[in-house]
Amino acid sequence: MATLMATLQYIISTVEFNHSGELLATGDKGGRVVIFQQEQENKIQSHSRGEYNVYSTFQSHEPEFDYLKSLEIEEKINKIRWLPQKNAAQFLLSTNDKTIKLWKISERDKRPEGYNLKEEDGRYRDPTTVTTLRVPVFRPMDLMVEASPRRIFANAHTYHINSISINSDYETYLSADDLRINLWHLEITDRSFNIVDIKPANMEELTEVITAAEFHPNSCNTFVYSSSKGTIRLCDMRASALCDRHSKLFEEPEDPSNRSFFSEIISSISDVKFSHSGRYMMTRDYLSVKIWDLNMENRPVETYQVHEYLRSKLCSLYENDCIFDKFECCWNGSDSVVMTGSYNNFFRMFDRNTKRDITLEASRENNKPRTVLKPRKVCASGKRKKDEISVDSLDFNKKILHTAWHPKENIIAVATTNNLYIFQDKVN
Amino acid sequence: MEFKLEAHRIVSISLGKIYNSRVQRGGIKLHKNLLVSLVLRSARQVYLSDPCPGLYLAGHPGTPAPPQQLGEPAAGPPAGWGEPPPPAARSAWPEPEPQPERPAVPEVLRTGDAETAAAVTGTGDALQGGEGEAAEAAWRRVEGPRETAAGGAGGPAGGSDVFPEGPRPARRPCGCPPGDEDTLSAAPRMDCCHTPRPAGDQPPATPPVCPRKRGAAGVGSGPAGCPAPGSTPLKKPRRNLEEQSGGAAVAAEEEEMETGNVANLISIFGSSFSGLLRKSPGGGREEAEGEETGPEATEPGQICCDKPVLRDINPWSTAIVAF
């Protein structure tokens, strides 16, 4: 597998391929967005897949201070979502805890030259020295990629934004915080519609919060949101203006034999993703990945254990805060494989058809190009075989929370704390 | 009994997290605090529903392993009373579950406190003083994370900073004069340590005065605002903290947790704690005298999270104040 490894200055907080897979955007804790671009395939070496190189870097969000509430607003980018490409420019939405921004990323590879009143360096000429007129022409220049904020959607969220999702109509999008979901039009920044509100009249009765939300990939009226109680609600915007009443409720009954102090925490869903087909959705809770058929609400159709060996360590994970880590999950382009991250810089893939799974590690040692990643195994208890890693020697500071899969090819992006790895599967 | 110790420990850790969240950048995270409050509530219920409120203090061996410790092998034979437990081996993992009879000392610990604990562990023979120091050190350790966590708590606390488990059970928190060791019962020890306060007093009312035996190592890193080791260390920090916001209530009550008087409180004020035992969040409010809630309710700015979280804390702190 060929790899790219890029080290970012700040902790990576989100990773997202665009619709064609040519661009990969990362957001970090410092409010910056770094975009990588896949090289066009080299016609001569036809089996050499394009590598990813830095394409553009810009500061999306800055830290702010809310004077009214005496709160600092972090500049950390929580989510990035690409718009489908409509013209030469690319557009993406990036959000921090409070503000969503629409960025236009455009290339400039020509510039006008031959002005009558200006020198090439910009200084104005003395008009009296102009004796002839000419028409400025475009001449090639070094490629410059510019990012400019085109819309700023602010002041609509009291709580921390955790999700944004672009509708399949490509005109509207939703943003979700802990208690509310708002619907925006991409062109309109001064107002949004509130479509879900689970804030209780008395905050003391609060029992659950919204943890993630996503529009259906094909039905522009359908979206889902997940909760900290492990439930997913599917809502239809045609039913009513305020979608507090769900159309479907997906919930699996808790296994009473697994009850502990921390049952509620580990059942909290950290990510929800529709399959590309729109027939299934996947949820990630602390220990497992579940695949749900949208037609069956009472239980998932598939459940994959990510790191079941941690179940006996929940108390320690609570103490060191790891139990609150929010892992994401993703589908491959054909919806046949799902991927999610774990600790010790491990990430896991589950093949839904063969039911096989694999654990791989993203580390510098594996980073030589063309290195084939070796599968890893964690030994939960008992005798540790050679090459296995015992649970106690896992590094819980090295966690992979964000992963992304190219929409068409077997290329994956995996983010460790500060490093971005891109792995490609060479089929040829 | 293990349930109670574990529950006590979890309550302490949870309160520490809630306190730390107030100083975290970006404001209070509603989701995390909600989850912590749920854990707090579960632990509190277990704590209160345990049928032997006093027995845990006597540390009977051979108690059954709690069902919550899923998958965890049963702890080794409990150390007898009076023996300092051997320092736990340092490992990448903190001890996941406490040994039986080990005190419910929170392991949300920072390296800076290691010396205190180590010194405390060392004083094996001077049990009475050692326990007083240990409990106080334990209390300070609980306080410690709040100071050191200012500006960005949230990094894994347990990771590689594990140090020996708190060596002393919470049964001798205030360094009471010897002689009680073998006569522990459910009867309150308040008469030897505390001045009872009328229920519903204002917070600055006479706090319990616990003479604490101090050793050389007992007062390493005190909490900010704590006076230099003096005669009434509990008094001043408690008063200062209680007059501040709800976080202070947390601090005061963490201290009280460590002193292990909670069980006594419960047994004495059985009916007054009905609010604690109610599952619904609104339960404790009616019991509260309200003075503790005032500062929290009026604190500006932190609107996202205060109430559901403090809902759980108020009954505790109010009860302690009442006591």
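For my notes on what touches what, contact means heavy atoms within 4.5 Å. I also keep in mind that this is a predicted model.

**Entry 1: Leu401(A)**

I began with Leu401(A), which sits in the loop between strand 29 (388-390) and strand 30 (402-405) of chain A. Which residues does Leu401(A) touch, not counting residues up to four places away in sequence? I found Asp325(A), Lys326(A), Phe327(A), Glu328(A) and Ala415(A). I then checked Thr416(A): 15 residues separate Leu401(A) from Thr416(A) in sequence, and their C-alpha atoms are 7.4 Å apart. Buried or exposed? Leu401(A) has a relative accessible area of 19%. Buried means under 20%, so I put Leu401(A) down as buried.

**Entry 2**

Next I went to an open sheet of four strands in chain A. I wrote its order down as 8-9-10-11, with antiparallel pairing. Which strands stand at the edges? They are strand 8 (79-82) and strand 11 (137-153) of chain A. Each has a single partner strand, so one side of each has no neighbour in the sheet. From one strand to the next, the twist averages 25 degrees.

I took the pairings one by one. Strand 8 and strand 9 of chain A run antiparallel and are joined by four bridges. In that pairing I found Ile80(A) opposite Ser94(A) of strand 9.

How many bridges join strand 9 (residues 90-95) of chain A to strand 10 (residues 100-113) of chain A? I get six, and these two strands also run antiparallel. Ser94(A) turns up again here, opposite Lys101(A) in strand 10 of chain A. Thr95(A) faces Ile100(A) of strand 10 of chain A.

Five of its six residues are buried, so the rest of the structure largely encloses strand 9 of chain A. A reminder to myself for when I look at side chains: in a regular strand they alternate between the two faces of the sheet.

**Entry 3: another hairpin in chain A**

I moved along to strand 14 (residues 180-185) and strand 15 (residues 188-197) of chain A. They pair in the antiparallel sense, with five bridges. Which residue is the bridge partner of Arg180(A) in strand 15 of chain A? I have it as Asp197(A). Strand 14 and strand 15 of chain A make a hairpin, and two residues lie between them.

**Entry 4: positive phi values**

I looked up two residues of chain A for their backbone angles. Ser70(A) has a phi near 55 degrees, which is positive although the residue is not glycine. Ser70(A) lies in the loop between strand 6 (64-66) and strand 7 (71-73) of chain A. With a relative accessibility of 49%, Ser70(A) counts as partly exposed.

Asn345(A) also has a positive phi, near 60 degrees, in a residue other than glycine. I located Asn345(A) in the loop between strand 25 (337-341) and strand 26 (346-351) of chain A. Asn345(A) is buried, at a relative accessible area of 9%.

**Entry 5: chain B**

Of the 323 residues in chain B, 60% are buried. I also looked at contacts in chain B between residues at least 6 apart in sequence: 80% of these join residues at least 24 apart.

Last, I looked at one helix pair. The axes of helix 1 (residues 2-22) and helix 2 (residues 30-49) of chain B come within 8 Å and cross at roughly 155 degrees. That angle makes helix 1 of chain B roughly antiparallel to helix 2 of chain B. Their crossing is left-handed. Residues making the contact include Phe3(B), Ile10(B) and Leu15(B) of helix 1 of chain B, and Val36(B), Leu40(B) and Tyr47(B) of helix 2 of chain B. Sorted by class, this contact of helix 1 with helix 2 of chain B has twelve nonpolar, four polar and three charged residues.

How values were computed:
Residues are numbered from 1 along each chain as its sequence is written. Chains are lettered from A and ligands numbered from 1 in the order in which they are written. This is a predicted model: local features need pLDDT of at least 70, side-chain atom pairs count only at pLDDT 80 or more; totals for chains, interfaces and linings use all residues. Side-chain values use heavy atoms; hydrogens and water are left out. Two strands pair if DSSP finds at least two bridges between them. Axes are lines fitted to C-alpha atoms, for helices over the stretch in contact, and angles run from 0 to 180 degrees between N-to-C directions. Angles under 35 degrees count as roughly parallel, over 145 as roughly antiparallel, 65 to 115 as roughly perpendicular and the rest as oblique. A crossing is left-handed if the near helix is turned anticlockwise from the far one by less than a right angle, and right-handed if clockwise. Ala, Val, Leu, Ile, Met, Phe, Trp, Tyr, Cys and Pro count as nonpolar, Asp, Glu, Lys and Arg as charged, and the others, Gly among them, as polar. Buried means under 20% relative accessible area, exposed over 50%, partly exposed in between (1.4 Å probe, protein chains only).
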